[in-house]
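Open the model in your viewer and keep the selection panel at hand. The tour goes from one selection to the next and says what is there.

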Amino acid sequence: MALGKDYAAQDCSLARALEVVGERWTMLIVRDAFYGVRRFSDFHVHLDIPRAVLSARLQSLVETGVLGKDGHDYVLTEMGKELWPVVHTLARWAEDHLSAEPCRLFLHADCGTRVGPDGRCAACGRTVAPEELEIHAGPGVRRRTDPVSAVLRSPHRLLDPIRT
């Protein structure tokens, strides 16, 4: 018996969320959008994802309102930005349980302090919005040679568009 492609039989909010962000590659696309990736070609080269899959995932994210289109750019909508705590918490969970060193560090741009798994700045105690975070390459980042990875190794604010 083949597995279904949706969670239609589930009466659960998590199942509805997974309908939008639960397919392979989707959360990595959302993550990259937070990192400032905007262009189809940049998503493609950084994720090394088949073009047809990327196209389908981007179309789905636009249709559900997670991403919007601005010319050739894909940008997170307000709905999409609300996924930041999920992206950040999953990354920190993986650091704690699946890998030795963090690949990315998220610092409160105002004071340079790393935010905790709960998204709070240890120095000021505030929950920090993605627009107030600066991303830095962590000790666990691999030195990939694609142009997007090279740009992402330089500190910059989340959501600020990168250009390769």
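**Stop one: histidine 156**

Select histidine 156 and show its neighbours: leaving aside residues up to four places away in sequence, histidine 156 touches Tyr35, Leu133, Glu134, Ile135 and Ile162, where contact means heavy atoms within 4.5 Å. This is a predicted model, in which local features need pLDDT of at least 70 and side-chain atom pairs count only at pLDDT 80 or more, while totals for chains, interfaces and linings use all residues. Residues are numbered from 1 along each chain as its sequence is written, and side-chain values use heavy atoms, with hydrogens and water left out.

Histidine 156 is part of strand S6 (residues 156–157). Helices (H or I, at least four residues) and strands (E, at least two) are DSSP runs, numbered from the N terminus. Is histidine 156 buried or exposed? Its relative accessibility is 14%, so histidine 156 counts as buried; buried means under 20% relative accessible area, exposed over 50% and partly exposed in between, with a 1.4 Å probe and protein chains only.

Now show the side chain of histidine 156: one of its polar atoms lies 2.6 Å from the backbone oxygen of tyrosine 35.

**Stop two: helix H2**

Select helix H2 (26–35). Of its 10 residues, 7 are buried, so H2 is largely enclosed by the rest of the structure. The buried residues of H2 are Thr26, Ile29, Val30, Asp32, Ala33, Phe34 and Tyr35. Step just past H2 to glycine 36, which has a positive phi of about 110 degrees.

**Stop three: the two domains**

Colour domain 1 (13–76) and domain 2 (82–157) separately; these bounds come from an automatic or database domain assignment. Their C-alpha centres lie 19 Å apart. Across the boundary, 11 residues of domain 1 are in contact with 16 residues of domain 2.

**Stop four: the largest pocket**

Which helix gives the largest share of the lining? H6 does, with 7 residues. Domain 1 and domain 2 each supply at least three lining residues.

How values were computed: Polar contact = N/O pair within 3.5 Å; in protein donor to acceptor, adjacent residues only side chain to side chain.
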